[in-house]
Amino acid sequence: MKLSLGLLSCFGLAAGFSPNSIGKQMNTIVLGKSTASSSSTELNQFKVSGMWNNGNSYGKGQFRFYKSFDSWMSPFPEEDREDFPELFKIPKGVYECSMVKPLGIMFEEIEIGKGVYVQDLVEGGNAESMGAIQPGDILLAVTAIKVVGAKWERRLIPAKDLSFDTVVGAIGSNEVKWGCEDVVLQFLRPNEVEDMTKIDEYLAFFNPPGDSAWRTA
């Protein structure tokens, strides 16, 4: 399946989105206090209290709206940055960009129902003008709106295993009515990757615990 995301407005996308599965593990540290051994830099050693909101806390706090990787990690104390430096940088071969819609990207599925890559860029579109995104780059993560009742959050969602339609829905959910002036995307450039294991651990860090019900508004 292929579609220019410069034409997203033609599809009447819903305000939220509904991926089949968003992740089943909790990785990180207790905010403000390391609980893992200082000799380890494995992301799966961490647990963060307060990163995943639910109940009355949903839609509140410092982690309710993803703006950028640096902004997302800013609440952590300096001691954690010193003890776990790998946690505070995007892995080699991955880059993040903030874009306004229409994106001007032609995505194509890697496998049927699993993952998308940049097949081409729309000539004169926002992605081409930015100069960072290249054909062949794989969409690794994207911001999306999760709505629960009258509350909502914008999270960075791992996209490596999502279907084309789910990716389109996630991108489309970044609407002005939710305070979104942009869409944040992270791409993987295969020929620059040094360690895919580190990238998998990095993605797991952004997976909410349990069977998180991301649903359409």
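Guide: Start with exposure: buried means under 20% relative accessible area, exposed means over 50%, and partly exposed lies in between (1.4 Å probe, protein chains only). This is a predicted model, in which local features need pLDDT of at least 70, side-chain atom pairs count only at pLDDT 80 or more, and totals for chains, interfaces and linings use all residues. Residues are numbered from 1 along each chain as its sequence is written, and side-chain values use heavy atoms, with hydrogens and water left out.

Visitor: Why is Asp 161 called partly exposed?

Guide: Asp 161 has a relative accessible area of 48%.

Visitor: What makes Lys 114 and Asp 161 a salt bridge?

Guide: A salt bridge is a side-chain nitrogen of Lys or Arg within 4 Å of a carboxyl oxygen of Asp or Glu. The closest N and O atoms of Lys 114 and Asp 161 are 3.8 Å apart, so the pair meets the definition. Lys 114 lies in strand 4 and Asp 161 in the loop between strand 6 (151–158) and helix 4, so the pair ties together parts that are 47 residues apart in sequence. Helices (H or I, at least four residues) and strands (E, at least two) are DSSP runs, numbered from the N terminus.

Visitor: How do you know that Arg 155 is buried?

Guide: Its relative accessibility is 3%, and buried means under 20%, so Arg 155 counts as buried. Glu 153, at 2%, is also buried. The side chains of Arg 155 and Glu 153 meet in a salt bridge, at 2.9 Å from N to O.

Visitor: How many salt bridges does the structure hold?

Guide: The structure holds eight. Another of them joins Asp 200 and Lys 160 at 3.7 Å, N to O. Asp 200 lies in helix 5 (residues 196–205) and Lys 160 in the loop between strand 6 and helix 4, so this pair ties together parts that are 40 residues apart in sequence. Glu 86, Lys 89 and Lys 198 are linked in a network of salt bridges.

Visitor: What makes a set of residues a nonpolar core?

Guide: The residues are buried Ala, Val, Leu, Ile, Met, Phe, Trp, Tyr and Cys, joined through side-chain atoms within 4.5 Å. The largest such core here has 25 residues, and Ile 105, Phe 107, Ile 133, Leu 185 and Phe 187 have the most contacts inside it. Helix 4 gives the largest share of this core, five residues. A second, separate core has 20 residues, including Phe 63 and Phe 205.
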